[in-house]
Structures are given as structure tokens and as C-alpha cells.
Amino acid sequence: MSVSHASPHASTDISPISGTSTADGDPGLSVDPGPGPELETLAPSSSRRVRFPRWLRRTSGPALLLALWQLLSATGVLNSDVLASPGTIARVAGDLIRDGSLPSAMGVSLQRVAVGLLFGIAAGTALALVSGLSRVGEDLVDAGVQMLRTVPFVGLIPLFIIWFGIGETPKIAIIGLGVSFPLYLNVYAGIRGVDARLIEAGESLGLSRWGLVRHVVLPGALPGAMTGLRYSLGIAWLALVFAEQVNADSGIGFLMVQARDFLRTDVIVVCLIVYAFLGLVADLVVRTLERLLLQWRPTFTGR
């Protein structure tokens, strides 16, 4: 009997294959893939664009408009009697601030807007809740509100003067009236826009009527209420302009009336800029409040 031995020259070179062991100790084979092509990471086109700070983008429009205004004033296209230059307006604004007339007028106007806004928000929200939560309330309230809404609130100023005199009451009343209608419409639409399936789900979970209003209806109507509040703030400043030009002895509107009598276009423009600045600040406050209260509601914010 002869035993054959394998020749050492019969072995095959299998260096790319290396022995490995599995989890249970059995030997296995793994194949070395070797060097492969390098992959290049492609960035999306949106990330390759040059991005500027948002504050710079938001201020670029007003800055360009201001530069054009200054250019037209410097070249004589805009006469100073028609519209003063930005430099003149800045100087006049500094004078009004130093003598205290502008801060005092701003304080009086802010107080009128705050009180009128408070009454308008209370009235508009209460009427919207009565009309939106109940069909009987809708039948009793909605028709009357829609009729009053079509009447220009500025046209009611003479009637308010007859009713309330020439003091602060008619000014606050006209602001409150103008504020209440946008808030009523948006809160009412927000209540009636709540998905009926959410109401059914709440009822199936055993929520009472007040529980449904608190946990389902009011959160669903909150986005509409925030939109209505932003509209109401714009209407409040518009109503203030008309209210302060009727028998007023203080406020930004009073400064504008005095400037009109003396043909001071620079003071008038300063007052208009103050109105615009206060409105912008108020809108910024509401937008910040909206982001805080509506964190649960992700929305599209643009690209």
C-alpha cells in the first residue's frame, strides 16, 4: 500500500482570499474587494449658492429706496418744498427727539392704540366665539356684524363725536371698532375650519363640550386668530391716523396737523416714518408670538 503525498508545487495562490472565522468558530472566506473608484460627494445646488444674512436681505430694499430718494433730492429732481431729503428729515427728527415733542407724542399714540386694541380684541373674539361655536349664536350675531363691517368705520367719526364728545373716548372707540372686524372674521373662520373628524375623535374619547372647545377647537382656530391679530394691528394704526386728526391736542397725528398748517413736509414725513416703524415693531411682536404659540404646527417657510 502506498500513500500518495500532495506535491507542494500543486498549491494555488489564493492570496486575495483570506480566512476568517464566523461567530460560532467555523472558518469562512472573505474576498478583498481591492481599491475601487473614489466617489465624489455632490452637494445640492441650493447649498452651493451664496447665502447672505437674512437681516441684510430684508434691509436691502429700504436701503436702496433711501439711496434713490437721496439721489433724486441731491440732483434736484425732488424739490425740498414737495419732499424733503433724507438728510433733512433725519435732522428734523433729531430736533423733535431732543425737545421731547416726538417721544411725548409717541407715548400718547401708543396708549390710544393699546386701549383701543384691547377693547377691539375682546369684542371681536367674544363675538366670534359666540357665532362660531353655536348655530343659534351665528344666526343672532353674524348678520349684524357683517352689516356693520361694510360700513366704513372712518365715516362713523362724526357720529362718535356727537355721542362721546371730543375727548379720548371717540378716538379709542374708532380704533376698537376698526380692530374688531378683522379679528372676528379670522377667529370665526378658524373655528369653522376645524376638521370635523377631530371633533368626532374628541367625542369618542369622552371629552365634554368645554373639553372639545379647549383642546380641539381653540388650538385649531389659533392660526386664524394670529392672522386676524396682524390685520387688526394694521387697521389700528390706520384708525389712529384718522382719529388723531380730529380735535386732537396731542399725539403723532396732532404733530402732522400742525406741520400741515405750516407746510412742514419734513415733519409730516417724520411722523409717517414713526407710524410705519411702530407698525413694523407691532407686527414683529405678533410674528414672534405666533412662532411661540404654534410650534406644534410645522409649516412651509420658503426656500
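Where does Leu263 lie? It sits in the loop between helix 10 (252–261) and helix 11 (265–293), with helices taken as DSSP runs of H or I of at least four residues, strands as runs of E of at least two, and both numbered from the N terminus. This is a predicted model, so local features need pLDDT of at least 70 and side-chain atom pairs count only at pLDDT 80 or more, while totals for chains, interfaces and linings use all residues. Residues are numbered from 1 along each chain as its sequence is written, and side-chain values use heavy atoms, with hydrogens and water left out.

Phi of Leu263 is near 55 degrees, a positive value in a residue other than glycine. Most residues other than glycine have a negative phi. Leu263 is also exposed, at a relative accessible area of 74%; exposed here means over 50%, buried under 20%, and partly exposed in between (1.4 Å probe, protein chains only).

Helix 11 has 29 residues and reaches 42 Å from its first C-alpha to its last, close to the 42 Å expected at 1.5 Å a residue (the expected span being 1.5 Å times one less than the number of residues). Its buried residues include Asp266, Val270, Tyr275, Leu278 and Val286.

On to the aromatics. The structure holds 4 aromatic pairs, where rings of Phe, Tyr and Trp (its six-membered ring) pair if their centres lie within 6.5 Å, and planes under 30 degrees apart count as stacked, over 60 as edge-to-face and the rest as tilted. The Phe160 and Trp163 rings have centres 5.9 Å apart and planes at 35 degrees, so this pair is tilted. The two residues are 3 apart in helix 6 (residues 157–164), about one helical turn. Phe160 is buried at 9% relative accessible area, whereas Trp163 is exposed at 53%. Phe160 also pairs with Phe164: the centres are 5.7 Å apart and the planes at 65 degrees, so the pair is edge-to-face. Phe164 lies 4 residues from Phe160 in helix 6, and counts as partly exposed at 39% relative accessibility. An α-helix has 3.6 residues a turn, so residues three or four places apart point the same way. Phe160, Trp163 and Phe164 form one aromatic cluster.

Of the 303 residues, 30% count as buried.
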